[in-house]
Amino acid sequence: MKRVEAEETPNLGFQIAPMLDVVFVILLYFMVLAGTIKIEYEIKTTLPGSVESSANADASEPPQEVTIGISEVGEVSLDEEPLAGPEDKKLVELYVRMRQLADLSNQSGQKIIVTVAAEETVKYDRIMNVLDVLAKAKVMNVTFSATGGDDF
């Protein structure tokens, strides 16, 4: 048998065709992807950061903070002043006070921040009663804080 010698493959040099294929695939990928990206102003959102202050609000004034406490049994207090017992579902006194604060904050241009501090074991319907009153009083800036029974 005759031995067949392997032919050396000639050096073809740098192949441009496969490189162009890769570049076109990447270009196509980014063109398709660019059509799916929504620009920030199109969806009406703003990123957090520095915002120019309005002429009405003074930058040196911090917002007024109010705390509404809800105990385990359902008693409601405003800045540690008792307002309603567990049987009061309508929370009229809380509504009157929050409406006054909301009106004052609108007139002065100062923000009001309400923190609802509820015990961990309070019933959710009591929290919903308080949130309903805040919605009726047109209080918009509400935060939540859960406290344990041993913390107080």
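Colleague: Before we start, what are the ground rules?

Modeller: This is a predicted model, where local features need pLDDT of at least 70 and side-chain atom pairs count only at pLDDT 80 or more, while totals for chains, interfaces and linings use all residues. Residues are numbered from 1 along each chain as its sequence is written, and side-chain values use heavy atoms, with hydrogens and water left out.

Colleague: In what sense do strand 1 and strand 4 pair?

Modeller: Two strands pair if DSSP finds at least two bridges between them. Strands (E, at least two residues) and helices (H or I, at least four) are DSSP runs numbered from the N terminus. Here strand 1 (residues 64–70) and strand 4 (residues 112–119) are parallel, over seven bridges, and Glu65 sits opposite Ile113.

Colleague: And how many bridges join strand 1 to strand 2?

Modeller: Three, and those strands run antiparallel. Ile70 has Val76 of strand 2 as its bridge partner. Their hairpin has five residues between the strands, and Gly74 takes a positive phi near 105° there.

Colleague: Which residue takes a positive phi in the hairpin of strand 2 and strand 3?

Modeller: Asp79, near 50°, in a hairpin with two residues between the strands. Strand 2 (residues 76–78) and strand 3 (residues 81–84) pair antiparallel over three bridges, with Ser77 opposite Pro82.

Colleague: At what angle do helix 2 and helix 3 pack?

Modeller: Axes are lines fitted to C-alpha atoms, for helices over the stretch in contact, with angles from 0 to 180 degrees between N-to-C directions. Helix 2 (residues 92–108) and helix 3 (residues 124–136) pack at about 40°, axes 9 Å apart.

Colleague: Which residues make the contact?

Modeller: Contact means heavy atoms within 4.5 Å. Helix 2 brings Leu94, Tyr95, Met98 and Arg99, and helix 3 brings Val130, Val133, Leu134 and Lys136.

Colleague: How is a pair of aromatic rings described?

Modeller: By the distance of the centres and the angle of the planes. Rings of Phe, Tyr and Trp (its six-membered ring) pair if their centres lie within 6.5 Å; planes under 30 degrees apart count as stacked, over 60 as edge-to-face and the rest as tilted. The structure holds one such pair: Tyr29 and Phe30, edge-to-face, 5.3 Å centre to centre with 70° between the planes.
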